[in-house]
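Visitor: I would like to learn how to read ring pairs, domain contacts and salt bridges in a model such as this one. Could you take me through them in turn?

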Amino acid sequence: MSTLIFEESRQGRKGYAYPAIDVPEKDGLSLDAQYLRETDPDLPELSEVNVIRHFVTLSRRNYGVDLGFYPLGSCTMKYNPKINEDLASLPGFLGLHPLQPIHTVQGILRLLHDITTLLCEITGMKWGTLQPLAGAHGEFTGMKLFRAYFDKRGESKRKRILVPDSSHGTNPASAHISGFEVIELPSNREGMVALDALEPYLDENLAGIMLTNPNTLGLFEKDIRIIAKKVHAAGGLLYYDGANMNAIMGRVRPGDMGFDVVHLNLHKTFATPHGGGGPGSGPILVAERLVPFLPLPDIVKKGDAYGLDVDRPDSIGRVAGFFGNIGVIIRAYAYILTMGADGLKRASDLAVLNANYLKEKLKKIYRLPFDQVCKHEFVLSAKDMKDRFGITALDIAKRLLDYGIHPPTIYFPMIVPEALMIEPTETEPRESLDAFLEVMGKIGEEAEQSSDRLKEAPKNTPVRRIDEVLAAKQPVVRYKKDG
Ligand SMILES: *Cc1c(COP(=O)(O)O)cnc(C)c1O
């Protein structure tokens, strides 16, 4: 365990030196006594070198894609080219203020307009907004668009949103907080939406369906055109959760599948180092009939100039301050331009190839409940190991930490017991895939030999296995100086 910075504090130690104040104090200008604090703030007192060593030590305990393999399914933790960081840090971007007069920010407006056009091309949609600050925020915005669309048509009773049982938790949550009733659709034996489960809901109460394709099992919903036709025929709309876009960029477009609203996670598919909750960007792109409802302001091109259009009486209004998470959007723009159409296609192809390579090798050791060609990710189950040796997905994940590898996503999707959801991404070379396979093989052997080593893992990490029951029952969430 590392010490807290407060524990390194020594009374009177300083990391700074200010020159003495050389302006005289002026009477009558001091703060009212009621605003003055009576005691000094309880801040740590350290020298500069203490502070630097403290934080550098902590930073070395971080794990990230820049250090090693990070097969976190659903999250697309790929290596992000550093050129995107450089471009997002250009002084011209860093110095911008969102309230500058329009004629002084033509460059960034052009970039925002251009990337919206590019994202429409990639997804097969008409227009969009860059405002949402995460995928879940895009979902929320999309649900607001559904609502506005139906209200405008006098179909306010359309309140039901269908969500498959393999869906990401944000989908039902977004539909619910937008005032919709969420109906869970069961998956069939192939891990796809069961078409007959759809039938009972195809009526005048249907608002729509939220899908990700490929789904969270990494499987492509082959019946998507049929699903779209049925939902549209019943008067509903289709929402596309684009978190898995890394599997199909340049190959298939959600618009061509029949979707009406798409969100993209720029921070997953289009290059931004993420994790730990941010930063994110979840633009949504929509079909023509939903354009009038998009958030304001819209960025428009008039001749050679760019401007902001606020004349949209049916707009749902703003969903974020200003233009969204600009730094992430710039990285995505740089990524798309440097990759080009062929590069994006190739990235998807390699993501799919890498996933299938791992899947074919690992299914010999771990159970693969849905044994098909996958897209960018696949889901194993440790259920057999649990039954035979008492080893759970959590134990496997913890043991991976000992071997210096970030674990895959576990216990999601919920329809697979003891799920291990693996997404290698396109940026991993064969060697790192093979190294992961070797470790997964070793862990399989360890499970058979003795369960202790796995139950006690991780042993090589700064923080060992946490007693989750105790942590839940007696959580210590605040540091107190003296015990
Ligand atoms: C990550 C993810 C989301 C949510 O996106 P955030 O950007 O984390 O809000 C939604 N659906 C799927 C399938 C995801 O993987």
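**Reading the contacts**

Guide: This is a predicted model, and a search of the whole structure finds eight aromatic pairs.

Visitor: How is a pair of aromatic rings described?

Guide: The description rests on the distance of the centres and the angle of the planes. In this model, Phe6 and Tyr479 are 5.7 Å apart centre to centre with 35 degrees between their planes, and the pair is tilted. Phe6 belongs to the segment before helix H1 (48-60) and Tyr479 to the segment after helix H16 (468-473), so this pair ties together parts that are 473 residues apart in sequence. Phe6 counts as partly exposed, at 31% relative accessibility, and Tyr479 also counts as partly exposed, at 34%.

Visitor: What kind of pair do the rings of Phe270 and Tyr335 form?

Guide: Their centres are 6.4 Å apart and their planes stand at 80 degrees, so the pair is edge-to-face, planes over 60 degrees apart being counted that way. The pair links distant parts of the chain, with Phe270 in the loop between helix H10 (266-269) and strand E7 (284-286), and Tyr335 in helix H11 (residues 326-362), 65 residues apart. Both Phe270 and Tyr335 are buried. Elsewhere, one aromatic cluster is formed by Tyr149, Phe150 and Phe293.

Visitor: Into which domains is the protein divided, and how many residues of each take part in the contact?

Guide: The division gives domain 1 (82-338) and domain 2 (347-470), whose centres, taken over C-alpha atoms, are separated by 31 Å. Domain 1 brings 26 residues to the contact and domain 2 brings 21 residues. About 1600 Å² is buried between domain 1 and domain 2, with carbon and sulfur atoms giving 57% of that area. Between the two domains there are also seven residue pairs in polar contact, both residues being at pLDDT 80 or more, and one salt bridge.

Visitor: Where in the chain do Asp114 and Arg110 lie?

Guide: Both residues lie in helix H4 (residues 106-123), four residues apart, which is about one turn of the helix. The closest N and O atoms of the salt bridge between Asp114 and Arg110 are 3.6 Å apart, and Arg110 counts as partly exposed at 47% relative accessibility. The residues Asp387 and Lys383 are likewise four residues apart, here in helix H12 (residues 383-389), and form a salt bridge with the closest N and O atoms at 3.0 Å. Asp387 counts as exposed, at 52% relative accessibility, whereas Lys383 counts as partly exposed, at 31%. Salt bridges that share partners also join Lys359, Glu360, Lys363 and Asp371 into one network.

Visitor: Which parts of the chain does the pair of Asp314 and Lys152 link?

Guide: The salt bridge between Asp314 and Lys152 has its closest N and O atoms 3.2 Å apart, and the pair links distant parts of the chain, Asp314 being in the loop between strand E9 (305-309) and H11 and Lys152 in helix H5 (residues 135-152), 162 residues apart. Asp314 counts as partly exposed at 26% relative accessibility, while Lys152 counts as exposed at 53%.

How values were computed: Residues numbered from 1 in each chain as written. Predicted model: local features only at pLDDT ≥ 70, side-chain atom pairs only at ≥ 80, totals over all residues. Heavy atoms only, no water. Phe/Tyr/Trp six-rings, centres within 6.5 Å; stacked < 30°, edge-to-face > 60°. Helix = DSSP H or I, 4+ residues; strand = E, 2+ residues; numbered from the N terminus. Buried < 20%, exposed > 50% of the residue type's maximum accessible area, 1.4 Å probe, protein only. Domains from an automatic or database assignment. Contact = heavy atoms within 4.5 Å. Buried area = accessible area lost by both parts, 1.4 Å probe. Salt bridge = Lys/Arg side-chain N within 4 Å of Asp/Glu carboxyl O. Polar contact = N/O pair within 3.5 Å; in protein donor to acceptor, adjacent residues only side chain to side chain.
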